[in-house]
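Trainee: I have a model open and would like to learn how to read it. Could we go through it piece by piece?

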Amino acid sequence: MTTWSLRVNDDASLGLVLGGGGAFGAAHVGVIQVLAERGLRPGIVAGTSSGALVAAAYAAGIEPATIERATLEFRWRAVARWSPRPRWGLLDSRVLDDAVRRALGGDPLIEQLPRRFAALATDLRTRRAVIIDEGPLSLALRSTIAVPGLLPPVSYRGALLADGGMIDNVPVAAARTLGASRIIVVRLHAKWENVRMMRAASRTAELMRDSSVVLIQPEMEGMAQWTMSDLPRLVAEGRRAAIVALDASQLRDERAPDS
């Protein structure tokens with residue numbers, strides 16, 4: 001039974017999509033801060049991999065300042081630990097279940113979160129994207145971060161799920177499935193990225209042409225993706241990129257009366 005109900009001040013038509021990228025996901029925190037400062041409160045949020053971790057915290061109603069503190073203190077051991085008997089991956093991601101319980105006082109069903117949420121994963125058997133928008137939050141997060149060979153895949157309704165970034169690192173379709181008509185997309189790696197597939201380049205161009213999308217692209221050149229050394233700089237870059245993109249788009253809360 002669905003128990004989700006929108007917070008009074010949230011915008012049910014506005015979605016927020018957070019892409020994956022390891023430690024680069026800290027840039028999402030700066031974006032969320034700027035949205036809060038401007039009174040933009042997406043009622044729908046979707047993410048892939050590290051973007052899903054930040055998206056889940058936002059969907060759970062955790063304040064931006066608290067998300068920032070947790071991000072700056074983050075270490076990989078919070079989501080994975082060495083497995084003494086590796087089978088599908090070198091690390092065991094079940095430690096993430098405990099992290100969710102500590103942060104939220106339990107492992108809520110996604111349907112119980114105050115904002116609509118979806119994590120994107122890849123079905124290793126079919127090579128198709130799977131949108132997880134119900135069930136235990138910890139299961140969705142373990143699925144979307146499961147880098148093959150490193151973290152074990154997760155069994156879910158007959159599928160074997162792994163990192164969503166293999167199929168779609170910016171799950172706009174997931175946000176639209178949940179009802180978003182306007183979407184703020186945060187795509188990591190951005191301009192300096194060495195694009196290995198034309199699909200990635202064409203996807204970005206498609207987002208830029210879509211009038212219902214505000215595309216935010218933080219620049220992480222010279223910053224560490226797999227260590228925690230640049231977390232403060234990444235948060236600051238997320239803020240900078242959000243301000244630039246939102247100023248250019250003139251996005252506003254459509255529920256507010258015209259001035």
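Mentor: Buried means under 20% relative accessible area, exposed over 50%, and partly exposed in between, with a 1.4 Å probe and protein chains only. Helices (H or I, at least four residues) and strands (E, at least two) are DSSP runs, numbered from the N terminus. This is a predicted model, in which local features need pLDDT of at least 70 and side-chain atom pairs count only at pLDDT 80 or more, while totals for chains, interfaces and linings use all residues. Residues are numbered from 1 along each chain as its sequence is written, and side-chain values use heavy atoms, with hydrogens and water left out.

Trainee: How many helices and strands are in the protein chain, and what percentage of its residues count as buried?

Mentor: The protein chain holds 8 helices and 10 strands. It has 259 residues, and the part of them that counts as buried is 52%.

Trainee: Which residues of H8 are buried, and why do they line one face of the helix?

Mentor: In H8, the buried residues are Leu231, Leu234, Val235, Glu237, Gly238, Ala241, Ala242, Ala245 and Leu246. Seen down the axis of H8, they fall within an arc of 160°, taken from the directions from the helix axis to the C-beta atoms, so they line one face. On the other side of H8, the exposed residues are Pro232 and Ala248.

Trainee: What covers the buried residues of H8?

Mentor: Here contact means heavy atoms within 4.5 Å. The cover over the buried residues of H8 includes H1, helix H3 (64–72) and strand S10 (213–216).

Trainee: What distance does H8 reach from its first C-alpha to its last?

Mentor: Helix H8 runs over residues 231–249, which is 19 residues. The expected span of a helix is 1.5 Å times one less than its number of residues. For H8 the expected value is 27 Å, and the reach is close to it, at 27 Å.

Trainee: At what angle do H1 and H2 pack, and which residues make the contact?

Mentor: Axes are lines fitted to C-alpha atoms, for helices over the stretch in contact, and angles run from 0 to 180 degrees between N-to-C directions. Helix H1 (residues 27–37) and helix H2 (residues 50–59) have axes 9 Å apart and pack at an angle of about 30°. The contact is made by Gly51, Val54 and Tyr58 of H2 and by His28, Val29 and Ile32 of H1.

Trainee: Where is Ile110, and is it buried or exposed?

Mentor: Ile110 is in the loop between helix H4 (95–104) and strand S5 (116–123). Leaving out residues up to four places away in sequence, Ile110 touches several others, among them Phe117, Ile132 and Leu137. Its C-alpha is 8.9 Å from that of Ala56, 54 residues apart in sequence. With 3% relative accessibility, Ile110 counts as buried.

Trainee: What is the phi of Ser49, and why does Ser49 count as buried?

Mentor: Ser49 is in the loop between strand S2 (42–48) and H2. Although Ser49 is not a glycine, its phi is positive, at about 55°. Ser49 counts as buried because its relative accessible area is 11%.

Trainee: Is Arg157 buried or exposed?

Mentor: Arg157 is found in the loop between strand S7 (154–156) and strand S8 (159–163). Its phi is positive, near 50°, in a residue other than glycine. With a relative accessible area of 63%, Arg157 is exposed.
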